[in-house]
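The following note sets out a few points for discussion with a colleague. Please read it alongside the sequence and the structure shown here.

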Amino acid sequence: MPQLRVERTGDQADRQAHSAGPHDHDFSRIFGIETEYGVSVTGTDKPCDAGQVAMMMFQPVISRARSTNTYLANGSRLYLDVGSHPEYATAESRTPMGALAQDAAGERVMAKLALEAQERLRESHGPDAAVHVFKNNVDSSGHTFGCHENYLVRRAVSLKTIERELIPFLVTRPLFTGAGRQTPDGFEITQRADFLDDAVSSATTRSRPMVNTRDEPHADPDKFRRLHVIVGDSNRSQVATWMKLATTHLVLCVIEEHQRTGGISPFACCALADPGEAIRAVSRDVTGRARLRLADDVPVEHERTALDIQRAYLNAAQRFVAAHAQGMDAILPDAAQVLELWEHALEAIAAGNWEELSDWVDWAAKLRLFNAMRRRHPDLDPARLAQMDLEYHDVANGRLFDSLAAHHAMRSLLSPDAVRTAMHEPPVDTRAALRGAFVAKALSTGAQWSCDWTHVTVMLPERADCELLDPFSPEPTDAWRRAMDLLG
Amino acid sequence: MPQQHEQRSAEQQAAEQGNENARVQSNVDAQVDDLDALLDDIESTLETNAEEYVNRFVQKGGE
């Protein structure tokens, strides 16, 4: 992807707000995944709770940063969130694959912190102490926590449009993005269905909307908004994570294009009467045939199945990819493979063959295992299923997911080397490159520094603040060079 | 793709279907064998006290 060099001097913010950017009207996107992890500890000979363990995990972070919030040399953010959730937010990426690599790196960063804490914990709490870090969305008491996706969207797409045109896709995509959950009342294909209320909201912790519209785009607010998708599950499967981002990206491309060209939206036939009710219906049905109530102003039809709705989105995505064949690689690499997997997923579910998806769809992998375990042990203790359900998501001490991979029952997209690289190297084609280089240098020289998504700041010996407003640009600016020099 | 199917004779199609069935069957058998091995692996590594493992995981809600 050719990078357009834009020389920035003087007052960046003013110039950027009024100058045209290369991505104002195309389909380029910035992707990010923020994952809240759950923590537990077992096998201790003295009492110990999640809060204490999370603080132990973050001890090295606190020593270094004097805070439970820091940024890493790969450009990502690592912090301890509300309710003692370690959280990892990936550095900005231009592609779903780039975001996947960063997300996989996040799993390893968490695992490393957990295992180091475990070593220290064993000195005081016995040799069997084990720290578990869960990349999932529900604990054993029904408390929920999230995996939030971030997509940079052109500002011209209104919130109303997002609600009508994106929500039906988000409600039905669990057919292949759901992580699955065994409950006493049966198997659900998505973890988050029971915990979401309004479709779109500006509130954060009070109610849980599916899509959040807080507007801190970490970019030029006149041009972009940051779509914060809250309804997704945390995925272990790399293919599922990649598909979740790639398919949502294609849908956003169609929505953006339609907004520019006008006419009847290809998704007008899918608007839902009650998204919360719909996602609960989708979640309880592995056949995709649950009938979902459509909004009153949808012509003709009153209901549609989840499969039908997904097909409408797939068809629109196929048309988009065909129409943009020439430039598709720049919009979404491997688009053809995304479409193929998407189509196969819907066909398999329609035919009742969801087991075919067990090598990349998290809920299918789990359900296949649970069913097999129940066949092997007809009197299986429900606690065992609950245990397997959780262990699947333990990135520190869980062996279940790794066993799937070892038995070639779970696909991967990234080599271990690619993941290791992503733990230390930021994406080269976004603003993360500048942040990552700054953090790496600051850590090596021991300078006093801070940063956030849109600034890097040197504190001593001289304070220099550098604003980085364009997430698409990895190009050094004068202010950035000055800050780098001052780091020593 | 549908057009290509129609051009082949019914006989050919039946033969192909038979071969395909055999292939699918052998895949399924291989999967079943491996599923057993996979379950063995999983069972050997699960912590013995399932209830304790599950009940120890309690957190306040996040965002």
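How much area is buried between chain B and chain A, and what percentage of that area do carbon and sulfur atoms give?

1. Extent of the interface. The model under discussion is a predicted one. In this model, about 3600 Å² is buried between chain B and chain A, and carbon and sulfur atoms give 55% of that area. On the chain B side, 29 residues are in contact with 52 residues of chain A.

2. In one salt bridge, A:Arg376 is paired with B:Asp40, with 2.9 Å between the closest N and O atoms.

3. Origin of the chain B surface. Two elements of chain B, α2 (10-45) and α3 (50-55), each give two or more residues to the side that touches chain A. The largest share, 12 residues, comes from α2(B). By residue class, this side of chain B divides into 11 nonpolar, 7 polar and 11 charged residues.

4. The main core. The largest nonpolar core holds 131 residues, and A:Met57 and A:Trp342 have the most contacts inside it. Helix α4 of chain A (residues 96-125) provides the largest share of this core, with 12 residues. In soluble globular proteins, nonpolar side chains tend to be buried together.

5. Surroundings of A:Trp342. Which residues are in contact with A:Trp342, leaving aside its neighbours within four places in sequence? They are A:Phe169, A:Phe176, A:Met243, A:Thr247, A:Val251, A:Gln310, A:Tyr313, A:Leu314 and A:Ala317.

6. A buried threonine. A:Thr457 lies in strand β16 of chain A, which covers residues 455-458. Why does A:Thr457 count as buried? The residue is classed as buried because its relative accessibility is 5%, and the cut-off for this class is under 20%. Its side chain is joined to that of A:Asp465 by a polar contact of 2.4 Å. Apart from neighbours within four places in sequence, A:Thr457 is in contact with A:Phe438, A:Gln448, A:Trp449, A:Ser450, A:Arg463, A:Ala464 and A:Asp465.

Terms used: Residues are numbered from 1 along each chain as its sequence is written. Chains are lettered from A and ligands numbered from 1 in the order in which they are written. This is a predicted model: local features need pLDDT of at least 70, side-chain atom pairs count only at pLDDT 80 or more; totals for chains, interfaces and linings use all residues. Side-chain values use heavy atoms; hydrogens and water are left out. A nonpolar core is a set of buried Ala, Val, Leu, Ile, Met, Phe, Trp, Tyr and Cys residues joined through side-chain atoms within 4.5 Å. Buried means under 20% relative accessible area, exposed over 50%, partly exposed in between (1.4 Å probe, protein chains only). Helices (H or I, at least four residues) and strands (E, at least two) are DSSP runs, numbered from the N terminus. Contact means heavy atoms within 4.5 Å. Buried area is the accessible area (1.4 Å probe) that two parts lose on being put together, summed over both. A salt bridge is a side-chain nitrogen of Lys or Arg within 4 Å of a carboxyl oxygen of Asp or Glu. Ala, Val, Leu, Ile, Met, Phe, Trp, Tyr, Cys and Pro count as nonpolar, Asp, Glu, Lys and Arg as charged, and the others, Gly among them, as polar. A polar contact is a pair of N or O atoms within 3.5 Å; within protein, one must be able to donate a hydrogen and the other to accept it, and residues adjacent in sequence count only if both atoms are side-chain atoms.
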